[in-house]
Amino acid sequence: MNTTKSQELYKRGQRHMVGAVNSPVRAFQSVGGTPIFIDHGQGAYVTDVDGNTYVDLVQSYGPMILGHGHPKVLEAVSQAITKGFSFGASTEAEVELAEIICDAFPGMDMVRLVNSGTEAVFSAIRLARAFKGKNKIIKFDGCYHGHADSLLVAAGSGVATLSLPGSSGVPEEAVKNTLIATYNSLDSVKQHIAANEDIAAVIIEPIAGNMGVVLPQDNFLKDLKILCEQHNILLIIDEVMTGFRSTFGGAQEVLGVEADITCLGKVIGGGFPVGAYGARREIMEMVAPLGPMYQAGTLSGNPIAVASGIATLKALRGTNPYQLFNELGKNISNTLLEEARKNKIDLTVNRFGAMLNPFFNANEINNFDDAKQCNTDQFAKFFWLMMEEGVFIPPSQYEAWFLSIAIGSTELDKLKIAISNSFKKLTNP
Ligand SMILES: *Cc1c(COP(=O)(O)O)cnc(C)c1O
């Protein structure tokens, strides 16, 4: 694999960009080597600046659920851009996107658009505190909710990859109201509730995706919701990753639980910066201009980004690919397990709809402590073998692989061969 141009750009980029990236996981730090620079993407594939083409399972970490350059989205964006870029006043498209989102989430009467998942989540936390008049929040070890100060404790994703305890620069005061519970342990939540009066909200990834994919067991989410109701606590379900990924709507629907406040991002922008938070009317009426909780944004509801979001959601509604994602995920998962077994490599695969990931560990992975037991050295080797085989997977044991509707039988065959070859070379280098 020739990566000369990527290496040159990496060197040049490091002079004026931190680590030559604008988001840490892109730096390939946990797998070593030089990060690739992408030239373009089309359908299921991305091509780097040296002309290497890969089947793409990174999908920009989730938004590109239709694959790259989907014609319907391209058309919508091209049309929107001819009308102007941003106005500082509402547009019809924003009304339409809000309608589509609220239709898909039974618990959402109103929604506010923002520019990222991070923004959606920290606004949702502010809203929960405003609504309940309480200060503390509970989050789960290994769940990532963006990079706001109060949530950068025991977070997964890039934070897990870099083994930072949280982040430097976050004052103790910013996290003193954040309590950490263990994913899949209702008892750990109960203990916090018993010891603290002042809890406004519990925030959770309904299917965790930022410590690798970790599923809630049994009725964990339903029980959590009941517990929250009993103690006058709001349940914030962070669906930035899971929204519109396993069904047209939220993981909430699949799991049979309804959030008090829902956070969205990723898919709802189709590759452009869009986030959102929404709730029932009584809660959302706390937000300015209707209520006393302030939250604003110069580019919020940007017409180009919203056009991309609408076109993406309409294409998803039209094709309804969710059953297909399930089968595709099962197929890839079976191949991974089969090839690992053949080569005597310990592997566990967790999957849910259009997201999955292999853990280099024989045991069940049900929380962040489980995930941390994985063989990350083996993962790093596997990552580069897959790259050589022409498959781009996230450069971290703690990131989910994402499926898109662009992955057809040709790509599935390529994936299977790549997985088979990579496991073989892993045991017999
Ligand atoms: C990606 C992600 C975020 C942060 O979204 P950004 O757009 O990167 O700010 C928050 N929560 C979850 C669950 C995510 O997966």
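The model is predicted, so local features need pLDDT of at least 70 and side-chain atom pairs count only at pLDDT 80 or more, while totals for chains, interfaces and linings use all residues. Residues are numbered from 1 along each chain as its sequence is written, and side-chain values use heavy atoms, with hydrogens and water left out.

Start with the sheet of 7 strands. Its order is β4-β10-β9-β8-β7-β5-β6. The sheet is open, and its pairing is mixed. Strands here are DSSP runs of E with at least two residues, and helices are runs of H or I with at least four residues; both are numbered from the N terminus. Two strands pair if DSSP finds at least two bridges between them. The edges belong to β4 (110-114) and β6 (178-181). Each has a single partner strand, so one side of each is left without a neighbour in the sheet. On average, neighbouring strands are turned by 20° against each other, direction ignored. Axes are lines fitted to C-alpha atoms, for helices over the stretch in contact, and angles run from 0 to 180 degrees between N-to-C directions.

Strand β5 (residues 136-140) runs parallel to β6, and 4 bridges join the two. Contact means heavy atoms within 4.5 Å.

Helix α4 (residues 117-132) also lies across this sheet. The strands under α4 are β4, β5, β7 (199-204), β8 (234-238), β9 (261-264) and β10 (275-279). Helix α4 runs at about 165° to β9.

Now turn to the sheet of 3 strands. This open sheet has the order β11-β12-β14, and its pairing is antiparallel. β11 (348-352) and β14 (401-402) stand at the edges. Each has a single partner strand, so one side of each lacks a neighbour in the sheet. Even so, β11 is mostly covered, with 4 of its 5 residues buried. Buried means under 20% relative accessible area, exposed means over 50%, and partly exposed lies in between (1.4 Å probe, protein chains only).

β11 and β12 form a hairpin with 2 residues between them. Gly353 sits in the turn and has a positive phi of about 55°. The two strands run antiparallel and are joined by 5 bridges. Val349 has Pro358 of β12 as its bridge partner. Helix α12 (residues 322-342) lies across β11, β12 and β14, running at about 175° to β11.

Next comes a helix pair. The axes of helix α3 (residues 92-104) and helix α11 (residues 303-319) come within 9 Å and cross at roughly 35°. The crossing is left-handed, a term for a near helix turned anticlockwise from the far one by less than a right angle. From α3, the contact uses Ala93, Glu94, Glu96, Leu97, Ile100 and Ile101. From α11 come Val306, Gly309, Ile310, Leu313, Lys314 and Arg317. By class, the contact has 7 nonpolar, 1 polar and 4 charged residues. Ala, Val, Leu, Ile, Met, Phe, Trp, Tyr, Cys and Pro count as nonpolar, Asp, Glu, Lys and Arg as charged, and the others, Gly among them, as polar.

Charge pairing is the last topic. Side chains of opposite charge can pair when their charged atoms come close. A salt bridge is a side-chain nitrogen of Lys or Arg within 4 Å of a carboxyl oxygen of Asp or Glu. The whole structure has 8 salt bridges. One joins Lys314 and Glu96, at 2.8 Å from N to O. Lys314 is in helix α11 and Glu96 in helix α3, 218 residues apart. Lys314 is partly exposed at 38% relative accessibility, and Glu96 is partly exposed at 27%.

Glu389 and Lys425 form another salt bridge, with their closest N and O atoms 3.1 Å apart. Glu389 lies in the loop between α14 (376-388) and β13 (391-392), and Lys425 in helix α15 (residues 409-427). Finally, Asp260, Arg280 and Glu282 are linked in a network of salt bridges. Within it, Arg280 and Glu282 meet at 3.0 Å, N to O.
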